[in-house]
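User: Please take a close look at one part of this model for me. I would like to understand the place where the two chains meet.

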Amino acid sequence: MITSDEELRIGVYVCHCGSNIAGAIDVEALTKFAEQLPHVALARHYKYMCADPGQELVKRDIVEFGLNRIVVAACSPNLHEPTFRRAAEDAGLNRFLVQIANIREQVAWVTEDKQEALEKAEAHLAAAVRRVAQHEPLQRQFVRIVPRAMVVGGGIAGIQAALTLADAGREVILVEREPSIGGHMAMFDKTFPTLDCAACILTPKMTAVKLHSNIKMLTYSTVESVEGSVGNFRVKVRRKPRYIDENLCVGCMQCIDGCVFTKAKFPNAFDQGLGLRKPVWIPFPQAVPPVPVVDPEVCLQITRGKCKQGCVEACGERNAFRFDQQEKIEEYEVGAIIVATGFQAFDPSVIPYYGYGKYPNVYTSLEVERLLNAGGPTGGKLVLRDGSTPKRVGIVHCVGSRDANYHVYCSRVCCMYALKLAHLVREKTDAEVYNCYIDIRAPGKGFEEFYNRVQNEGVRFIRGKVADVTPVAGQGTTAEGGLVMQVDDTLLGKIRQINVDMVILAVALEPRADANEVRREFGISCSAEGFFLEKHPKLAPVNTANDGVLLAGACQAAKDIPDTVAQADAAAAKALMLIDAGQIELEPNTAWVDEKMCSGCKTCIALCPYQAIRADEERKIAVIDQALCKGCGTCVAACPSGAAKQHLFADQQVNEELEGLMNYV
Amino acid sequence: MSTARKQAGAELLEQLGKSGYGKPPLGCMQCGLCAATCPLGSAMEFPPRNLLLQAASGNLDKLLESPSLWMCVACYACSKRCPRGIELTESLWPALRDAAMQRGIQPPAELQETFQNVLKYGNVLGKSPRARLDWTKSLDVRVLDLSREPRPVDVLWLVGCYPSYYPRNQVVARAFARILTQLGVAWGILGTKEKAVGECDRMFGEEGLFETLVEDNRKLFDKYDFGKLVVLDPHAYRALQNFYPRFGAWYPAQHYTTFLAEYMEQLRPLMVKPVETVVTYHDNCCVGRRCGCYDPPRELLGLISGVKLVEMAHNRDDSLCCGGGGGGMWLDAHIVAHGGQRLSDQRVREAADSGADTLAVSCPYELSRFEDAAKVTGLEGRVKVRDIIELLAEAMDLGERSVA
Ligand SMILES: Cc1cc2nc3c(=O)[nH]c(=O)nc-3n(C[C@H](O)[C@H](O)[C@H](O)COP(=O)(O)OP(=O)(O)OC[C@H]3O[C@@H](n4cnc5c(N)ncnc54)[C@H](O)[C@@H]3O)c2cc1C
Ligand code: SF4
Ligand code: SF4
Ligand code: SF4
Ligand code: SF4
């Protein structure tokens, strides 16, 4: 270790990064420039500094030439700062005596003129050299990681991730907004391409979640706030009242029969409004937990304060009803969070020409999934609004997808589910089915085979995007049956009118309406189309920019169940890796209080956004908790006595860095 | 041979990309939405998708000789819906027509006559420029003719060809003059110096004629000191808004509906007479679909007491074209001869279906088109066609008794 009176000996390394840097900047000239900077003991350039020989070079020079500061002019510190810090440490130098000058992203890639590029690189390099001269050795600090994970969203993604973590022996808190877990998959009858019965493969997993001793399932709940950071999140969960005690309810559903409303009359959102429910209800028969909820908007006891309470009577001595239940906020500490909030189906009523919401027999695919489902509103019978069986069915692909006016992206699963629906419609009704598509996208395992199978079953395929759905002429605008789809059959080169009595719109998968609020809560970002953004599209597909927050399923991009499950397991593995590490290194750039200078005015305490500062009343000074400080610098700027300081951002360090830059611009 | 053809196609598309009229059509995915959307697509030998495909492949010979080249009425529906944001209406169609004429292929005769009229007389009707002020003869408010009395004004009103010359539209012009005066607007017109703004010519590939008009009008406008241009003709609005700026001719312009909607509060107390009628409003393609302006006309109608507003099955973005746009006014015979239907007939039927007894319009062409259509479809007694200006004037008690 160096003492302050020791002579400064700075080593400078200029990386070529193949031709990435060397192609744009004269690395030899840059190295010569470095040599004449104050305190620089040696300067070198090398093809790939990050490769082993490059690192070895640094290590050897530290030992051989007694270097006590290192500057590497290379790519963004985001990429290789840890690499060079480690190399320095291996050679016995404190790892924080290393500084990176980013001459790739900030210079080589964005500067066309070679002379200009050289001058810019010189400025960056000079800044780094002057800064590192002011660096002091720092200690690495670690905090304990809470060995527990939270999964937000109980669709197939959340279920899978929770089970994997729980089976690995870790505690999991699963938060689901709806009364039951299951998500979209629970709505389907069959799943492509194998046509497995969705319930048969999903319900065992749902039950496993409920029974698993490592999983705490919080349904009918949402995340209220997230504090802390990787390893130590403190999450507040808002729990809506069910008005029924989950521990006392046995799932007999007798209260539903007992309710004073003898007929169901309120739309069941799970059935896309096609089915009706009572004030006390359950979304679907296999719901988990099998506990009904009371809808406070329509229950007579809650809205009017008066009801015969047939439900309570039916519940009898199980005595599970609690009309005085209130909303609760519960707090949980977790080390990692998996966001698995899924997607929502595109609402086609915004496209005027498909007549959704105007003509009764124009349906969305999700509505038809419910009609086909044995547990759905028609007991699995596919019928038109008047109860009759359709004879000719049109399926419109790409509704809201691949369309500059709505979503430009391809939703990836709708071709396949449209094929599945075509098959199921034919199986159940013998109807003629017309699939109107632009391209059939069937690139998954077994997908093309399934497409071919559906073709062979006699489904008609018309290559063209449907332009209009209108009632058959003469039937007025709100006719019950008889629709015409107008489409350019691009293979025939003919504009056709196809008469059908049911139209199914293969709607896009889109980000949920509240994606932006959820994104903010978890400190993550969205890509252009609104899905949550992964850290790297190829190499870090489940991580986010916020360490410790991971992604799984259709909240990250439209995807099918196989991809969702694979991603959920990947997220679980990443979470496991994190919480199993036991401890985590803190960023060194925390703030600290110089005791001698602190006047005890407490200005900083109120300002800290992370509640990391407390007052030591005895010594009359402020104390900053190093584990909580995020290095935002607010207190440093605010302290009237100049007592709050920050590691790696001391005034002298920043000033020198600026001087370095300014001298060359 | 085939490579040469391909190259011709590629060059054409590339040229379009640089023309500044909308996005280049290179990203077409041949989905056919445009073709099946086009109100005349079924009658066209080359509906938009196929038009683009053939052009891109360089198969120009058949394409340029096909009658379907002269069937697009510039309704903008295909462009509005195209999932790849390609605006065929204002790019490929005019370019192909231009290419056809350069090969000596003649557009339908009626259309040619219109172009001749514009060239010779500066108006589509072939009337004498000196007669441009005839509509003001029976007018009871003062008209400031800037060409005689140059003076700064807030509004330079381009009266337009039909409102200047055609009796049915002259009524509307006079009503508008009275409304402007009642509102205390400082307005003026260009008198006998006014010329067509030009739009149908541009849509019909008469780029040269259009450029001349832009130049002439620019010189003319620059002589006067005015705040903004106000037009009755939606097509003129589309041209001033979307085509003129391409030639560096940028003038603040408003269609009268948007203009009057800014006077909502002043208009409200002037509505002294209820007009008891059920009205449906026809969104014209230029102000509506092309420029995305749907609310002002409805807000104006909403001012009139007694008016009940209903919507037709197709409205706003999804409105049906009257068939008169982009030169369509002079193409009915050509279109019908080649198997197309008269779009105005279909629209009037829809108006009747909506339960309205008044079909309100805000375009000079539509008045006569829909009135004819009402006759043809036998709906004359059931649906009355009126410009929003007429309805407002009636409610303000500024109507023209002799014509009503
Ligand atoms: C019509 C249709 C048919 C399909 N058919 C098939 C098929 O046959 N085969 C196939 O492989 N794929 C199919 N898919 C795709 C399939 O639906 C998805 O791959 C799958 O549902 C994605 O699962 P997920 O858990 O990511 O999202 P989701 O199923 O959407 O689940 C997300 C869960 O998170 C909950 N949630 C949302 N926000 C919050 C919040 N803020 N807090 C707490 N909880 C929240 C939701 O309530 C929901 O339970 C189909 C899709 C559609 C639209
Ligand atoms: S309190 Fe009355 S309305 Fe409410 S669930 Fe019970 S029986 Fe139904
Ligand atoms: S998957 Fe098929 S239907 Fe869905 S958007 Fe892509 S191409 Fe269209
Ligand atoms: S709608 Fe657009 S993408 Fe589709 S065929 Fe027409 S121009 Fe091409
Ligand atoms: S602008 Fe209208 S008429 Fe012309 S091709 Fe497009 S849809 Fe058809």
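Analyst: Contact here means heavy atoms within 4.5 Å. By that rule, 20 residues of chain B are in contact with 22 residues of chain A. Keep in mind that this is a predicted model.

Start with the area. Chain B and chain A bury about 1700 Å² between them. Of that area, 51% is on carbon and sulfur atoms.

Next come the charged pairs. How many salt bridges cross the interface of chain B and chain A? The rule finds two. One salt bridge joins the side chains of Asp468(A) and Arg81(B), at 3.5 Å from N to O. A salt bridge needs a side-chain nitrogen of Lys or Arg within 4 Å of a carboxyl oxygen of Asp or Glu, so this pair qualifies.

Polar contacts are counted as well. Between chain B and chain A, ten residue pairs are in polar contact, with both residues at pLDDT 80 or more.

Now look at the chain B side. Which helices of chain B each supply at least two residues to the side that touches chain A? They are helix H2 (33-37) and helix H5 (77-81). H2(B) gives the most, with four residues. What kinds of residue make up this side of chain B? Nine are nonpolar, six are polar and five are charged.

Two salt bridges and ten residue pairs in polar contact link chain B with chain A.

Terms used
Residues numbered from 1 in each chain as written. Chains lettered and ligands numbered in written order. Predicted model: local features only at pLDDT ≥ 70, side-chain atom pairs only at ≥ 80, totals over all residues. Heavy atoms only, no water. Buried area = accessible area lost by both parts, 1.4 Å probe. Polar contact = N/O pair within 3.5 Å; in protein donor to acceptor, adjacent residues only side chain to side chain. Nonpolar A, V, L, I, M, F, W, Y, C, P; charged D, E, K, R; others polar.
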